[in-house]
Amino acid sequence: MTIQPIYLDYHSTTPVDPRVAELMVYYLTTAFGNASSIDHTYGDEAEKAVYNARQAIAQLIKASPKDIIFTSGATESINLAIIGHIQAINSPKLPRIAVSPVEHKAVLDTIQMLAKKGQAELIYLKVDGFGRLDLENLENTCADGLSLLCVMAANNEIGNIYPIEKIGQIAHQYDIPFLCDASQAVGKIPINFNDWGITYLAISAHKLYGPKGVGALVVRKGYPLEPIIFGGGHQKGLRSGTLNVPGIVGLGEACRLRQLEMEQDEQQIARQRDRLQTLLQAQIPDLQVNGNINARLAGNLHISLPGIPNSAIIARVRHQLAISTGAACSSGVATPSHVLRALKLSDEMIEGALRIGVGKFTTDEDIEKAANILTVAVEKIRPYLS
Ligand SMILES: Cc1ncc(COP(=O)(O)O)c(C=O)c1O
């Protein structure tokens, strides 16, 4: 039997909770009906399962169940929110979209596409060297008038948690529609869609112990989106396509379990992350911790090892430890992280950056072993570099 590497890349994706997987299997094999089939009980059971999932998701993020649109994941949710929102605006003026420079590529690339086509103006908000947003700059930008404001709830690289309640208040004050990509935050920190002035909220199941390929966009009532996918008119015509019932069930069950277990799990995760940070700092004195250590996800540890290329560390540890050099990238081509560039980290710090993600299935033993594997790797590599 091959020994699996210790998994510490929970920002990239999480394993599916076995309880979630078990429920999904029932909807894959036994209750496999189409939720739109109204003529038999297979359809009824699928529809009921989707209804229940809606309730569980809505409860976790304090939204109304009818505001939830199911999608194939956060990337689609974000595309729908941005493109659908801009297309629904009926104004001769060029729409202005303000965005945090540390957003996920799903947000940045979508807005850049619109800007390239001359369909929107893109305005970057300011962040400091810790990745914190300049709220005065954000407020001034809102005061100048915007068609859409995009700020994530938590960052997928440095783990920063952004003050979404405060940002939502500012957006609300200036009557600016506000897209919050909450992919990394839902199920880890409290979110209140109803009370926080959020207009669109993007969710992804595979970041919270649910399956890949399913997510949701929560849309505040009164905001008419144009669809970006056309077909059978499912989900009030906003997102056509047969509902992914097992996936939706998985997302719902993952949310239900997060609601019950989030607080306790996140405490344990924070303790483990802190232990790992302490062990590494003790063994590698020049190690730098990136991001805002006063407001970061419990499971996030983003470090730079000055003078040691992250590729050298990864090459050495990859069969023992699953960590990453940054965001999971689809192309497989390593490009410098736009997030770390926005923080204006030096090239040396960017080249030595490693993202470690602790999660609910991480054990204390994993943490001790991971610290040891990384420390040995640094000791072995350093002599070749000096
Ligand atoms: C912050 C953030 N936004 C969006 C996404 C895209 O999510 P999905 O994989 O569900 O399309 C991710 C996943 O990497 C993410 O971390």
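**Rings, charges and helices**

Colleague: Why does Tyr223 count as partly exposed?

Modeller: Keep in mind that this is a predicted model. Tyr223 has a relative accessibility of 28%. Buried would need under 20% and exposed over 50%, so Tyr223, at 28%, counts as partly exposed.

Colleague: And what makes Tyr200 count as buried?

Modeller: Its relative accessibility is 0%. The cut-off for buried is under 20%, so Tyr200 counts as buried.

Colleague: OK, on to rings. How many aromatic pairs are there?

Modeller: Ring centres have to lie within 6.5 Å to pair, and by that rule the count is six aromatic pairs.

Colleague: Why are Tyr200 and Tyr223 called an edge-to-face pair?

Modeller: Their ring centres are 6.2 Å apart, and the limit is 6.5 Å, so they pair. Their planes stand at 75°. Over 60 degrees is edge-to-face, so that is what we call this pair.

Colleague: Which parts does the pair tie together?

Modeller: Tyr200 is in strand E7 (residues 200–204). Tyr223 is in the loop between strand E8 (215–219) and helix H7 (245–283). The two parts are 23 residues apart in sequence, so the pair ties together parts that are separated along the chain.

Colleague: Which residues form one aromatic cluster?

Modeller: That would be Tyr7, Tyr10, Tyr209 and Phe361. Phe361 also has Lys360 lying over its face, 5.7 Å from the ring centre.

Colleague: Where does the charged end of Arg220 sit?

Modeller: Over the ring of Phe193, 4.8 Å from its centre. The distance limit for this is 6 Å, and 4.8 Å is within it.

Colleague: Now helices. Why are H5 and H6 called roughly parallel?

Modeller: Helix H5 (residues 135–143) packs against helix H6 (residues 164–173) at about 20°, with axes 9 Å apart. Angles under 35 degrees count as roughly parallel, so H5 and H6 get that label. Their crossing is right-handed.

Colleague: Which residues meet there?

Modeller: From H5 it's Leu135, Leu138, Glu139 and Cys142, and from H6 it's Lys166, Ile167, Ile170 and Gln173.

Colleague: At what angle do H7 and H11 pack?

Modeller: About 25°, with the axes of H7 and helix H11 (residues 364–385) 9 Å apart. With the cut-off at 35 degrees, that makes H7 roughly parallel to H11. H7 passes H11 in a right-handed crossing. The contact includes Leu276 and Leu279 of H7, and Ile367 and Leu374 of H11.

Key. Residues are numbered from 1 along each chain as its sequence is written. This is a predicted model: local features need pLDDT of at least 70, side-chain atom pairs count only at pLDDT 80 or more; totals for chains, interfaces and linings use all residues. Side-chain values use heavy atoms; hydrogens and water are left out. Rings of Phe, Tyr and Trp (its six-membered ring) pair if their centres lie within 6.5 Å; planes under 30 degrees apart count as stacked, over 60 as edge-to-face and the rest as tilted. Helices (H or I, at least four residues) and strands (E, at least two) are DSSP runs, numbered from the N terminus. Buried means under 20% relative accessible area, exposed over 50%, partly exposed in between (1.4 Å probe, protein chains only). A charge sits over a ring if NZ of Lys or CZ of Arg is within 6 Å of the ring centre and within 35 degrees of the ring normal. Axes are lines fitted to C-alpha atoms, for helices over the stretch in contact, and angles run from 0 to 180 degrees between N-to-C directions. Angles under 35 degrees count as roughly parallel, over 145 as roughly antiparallel, 65 to 115 as roughly perpendicular and the rest as oblique. A crossing is left-handed if the near helix is turned anticlockwise from the far one by less than a right angle, and right-handed if clockwise. Contact means heavy atoms within 4.5 Å.
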